[in-house]
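Hi there,

Here is the structure I promised to pass on to you.

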Amino acid sequence: MIVVMPTLTRAEAVARAATVDVREYDVDLDLTAEGDTFRSRTVVRFAATPGASTFLEFEPVEVESMTLNGADVPPDAVAEGRVTLTGLAAENEFVASATMRYSNTGEGLHRYVDPADERVYLYQHMFINNAGRVLPSFDQPDLKASFRVSVTAPDGWLVATNAEVVTSGDGRWEFGRTKPISTYLATLIAGPYHVRTDEHDGIPLALYCRAALAEHLDAEADELFTVTRQCLDRYHEMFDIRYPFGHYQQAFAPEFNFGAMEYPGLVVFRDEFIYRSAVTESERENRANVIAHEMAHMWFGDLVTMAWWDDLWLNESFAEYLGTRVTAEATRFPDTWTTFAMQRKAWGLRADQHPSTHPVAPAEVADTDQALLNFDGISYAKGAAVLRQLVAWVGDEAFRSGLNEHFAAHAYGNATLADLLGALSKAGGRDLSGWADLWLRRAQVNTLRAEVTRAGATYAEVAVVQTAPERYPTLRPHRIGIGLFDRTADGSVVRRATVHAELDPERDGGRTVIAGLAGEPVADLLLVNDGDLTYGKIRLDEASAAAVPAVLPLLTDSLARAVLWAATLDAVVDGESPVAELVTLVLAALPVETEVVIVEDVLRATRGLVDRYAAPETRPAALELVAQAADRLLAASEPGGSRQLAAARGLIGATVETARLRGWLAGEGVPAELTVDADLRWLIVYRLAVLGAVGREEIDAEFERDRSATGEQWAARCRAARPDADAKAAAWAAIIGDASLSNRLTEVTAAGFWQPEQLGLLAPYVPRYFAEMPQMMRVRSGMSAERTAALAYPDVVVAPETRRLAAELLARDDLDPILRRVVQDADDDLGRALAARF
Ligand SMILES: [Zn+2]
């Protein structure tokens, strides 16, 4: 099947909003047919400029009938994903009955068959421009309307939507009307879903998952409901408007493209969040953070929605900021800002330094394709970091009252950046337009570097020098902390003081002398951005940098360690510091690291840097040191704890001791209280597959043992990872051209394909990537296509030839914009790795 996805341009959206005013949709779906289609009957009521024409997004397989105000609409009015309507009246009713197709890419109405029991599950995801795959609709965020949904479903199914159920019986489900919402926020789930219910503060709560996960959801329900209640309470304290969408349901759906999506009244999560094997506390923290993030959207995104995708950041930056903050303030996970400093900001910094970088708030996003591509580390993590800086700038009270004013003014409507800045400026009594121009309207990142001169054992001067990349010469105001850390008698390193300072480029140019530090005794570590209040690349003064290997393992403050690790890893990415030094530091500091998220992230990031930054002849030795670091941490960890699990996973991923791994599978030599459960077994089998130590039969046997959705995904990944010519050929054919393969199975196959251990075998696939990926882009669409193109990139083949082939592809003028952006950015990363090697 060739996918034709019409994009909607900003200009078209503006013109359409000037022509029509949408009132409501009545949607009736029949999900009882076998096979890959369903039926949809939709009534759309809307006002219009009399005599004008307009269009709705609509992608039927076959149209049975269409009428506008009672008169037939000819079938040829449907073309290229749209239906055109002419001769509009002041008030209009468009009715369409059609056969529609299910998807397997997570867009439209996604259909999934569970390998565990062959049961069928559906979820509806219309973001960003997929509403036409389910119903004819005016699919743009500022044409809000009320939805009333009815569904005919097979026996034994459960159906849930944004709105509450009014009647159900004999497979017929009728739901109430929603408040006015954007089309991309309309959802439903259908299938033999398992359900748990509860209630809090007058709000009905529900959790849903596949039947195969029922016992695991039951085991997790307590924690999920507890976090939900805590977050609801906190948002009710912060905001004047109560949760506005009736019930609060949370569904866990298979093969969901995002972590989760903020549909009002029915949040949908990927069902990997229902744990069936042991997980670490940081994974639980992440899940709590996602719950809080989606809940923030109920106000920011759902109640008040961006007018067009230019202000996507209004949704995501706020949800990321508020989610991280509310998780820290209201749940049992107080250290989310450490995770943010370590993990999320690195994601933002990478995206911000790519050729495709864009401002947090772009002045104009031309169409829905561009909007989808902006769903990146800039819109989420950088935006949230900038908001954190904004709160440091205007003060929390002003920030909160500005938000409340914004919600009150635009409830159930749409708003822009200008509206929000107006509310915040008014509340804070400080005009934010200059600040916003520098931080939100301009791309890229500043480097903040400490410069120190001494007078004996005291500082003569401490300055922070701010620089910007040549192509993006903007310097910004930063409010930051400078931390002084000393070694104590008991051998730990603790904070003596934090000095706060404003870097004001208008006043100081790029160099700000920090008042109050002259004459202070020299510290063992001087940490720029202590407390992680600003967004920037952090570089230490020379003496502090030299002290890192000695200081880092002894530093008691976890947020300070996260800031220091992040700066250290970033310097390796930039080629300023060799990967060999990083590996030595990891070996010294990791075995004593107590913060699980730091353990996990340092192991993951170091592993990635070793694979790409170490030359092939030095890589095995570097990887061996990473394995040793994980092994020492494993020995030092409390049995049965999160650190032990994180260390075990790190060791499995880096070791080449296949006999030891096989022993763990057989229950021999397993560290005390480490459970080798289904997912840890798969991690071991995967590593053995990469090393060529298991064959196809053993992978099949493991899948027989774990015939679950997750088992199916692991098996696909393991098969793609084997160093075997036939296995690689089969995996590649699946990635490039098998449209029957779902989004998730395609992704895991691509994720298993490239292995730095198999460069010889994989060499022919480097030119094939650049020759064949345009063809993949015609088979898959949207986010699934983007993910596949990124995961299948030959990023471990760090060679000039890879770059030459990328340049050749980028020179083509017929390249799909999504593929162009993926290749541009991946090539930039590869260029850095290549430069660092020589
Ligand atoms: Zn979000």
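This is a predicted model: local features need pLDDT of at least 70, side-chain atom pairs count only at pLDDT 80 or more; totals for chains, interfaces and linings use all residues.

**The zinc site.** The zinc ion has three protein residues as donors: His-293 and His-297, each through NE2, and Glu-316 through OE. Along the sequence, the donor residues follow the spacing H-x3-H-x18-E. Both histidines sit in helix α3, which covers residues 281-299. Because His-293 and His-297 are four residues apart in that helix, about one helical turn separates them. Are these two histidines buried or exposed? Both His-293 and His-297 are buried.

**The nonpolar cores.** In general, nonpolar side chains in soluble globular proteins tend to be buried together. Here, the largest nonpolar core has 191 residues. The members that touch the most other members are Leu-31, Phe-46, Phe-94, Tyr-235, Phe-318, Leu-440 and Tyr-769. A second, separate core has 77 residues, including Phe-485, Ala-547, Val-583 and Ala-647. Leaving aside neighbours within four places in sequence, Phe-318 is in contact with Phe-300, Trp-313, Gly-323, Leu-387, Phe-399, Leu-403 and Leu-420.

**The second largest pocket.** This pocket holds about 530 Å³ of space. It is lined by 21 residues, and those closest to its centre are Ala-545, Ala-546, Val-548, Ala-571 and Ser-577. Several elements give two or more residues to the lining: strands β23 (447-455) and β29 (537-539), along with helices α12 (542-551), α13 (558-573) and α14 (579-589). Which of them gives the largest share of the lining? That is α12, with five residues. Sorted by class, the lining has twelve nonpolar, three polar and six charged residues.

**Arg-511.** One more residue to look up is Arg-511, in strand β27 (residues 511-513). With a relative accessible area of 34%, Arg-511 is partly exposed. Apart from neighbours within four places in sequence, Arg-511 is in contact with Glu-451, Glu-461, Ala-463, Val-464 and Val-465. Leu-403, one of the contacts of Phe-318, is 108 residues from Arg-511 in sequence. In space, Arg-511 and Leu-403 are 34 Å apart, C-alpha to C-alpha.

Happy exploring, and do write back with any questions.

Best wishes

Note on methods
Residues are numbered from 1 along each chain as its sequence is written. Side-chain values use heavy atoms; hydrogens and water are left out. Buried means under 20% relative accessible area, exposed over 50%, partly exposed in between (1.4 Å probe, protein chains only). Contact means heavy atoms within 4.5 Å. A nonpolar core is a set of buried Ala, Val, Leu, Ile, Met, Phe, Trp, Tyr and Cys residues joined through side-chain atoms within 4.5 Å. Donors are N, O and S atoms within 2.8 Å of the metal (3.2 Å for Na, K and Ca); water is not among the atoms, so sites may look incomplete. On a 1 Å grid over the protein atoms alone, a cavity is a set of points where a 1.4 Å probe fits but cannot get out, and a pocket is an open set with protein on both sides within 12 Å along at least five of seven lines; lining residues have an atom within 4 Å of a point. Grid points are joined across faces, edges and corners, and a volume is the space filled by probe spheres set on the points. Ala, Val, Leu, Ile, Met, Phe, Trp, Tyr, Cys and Pro count as nonpolar, Asp, Glu, Lys and Arg as charged, and the others, Gly among them, as polar.
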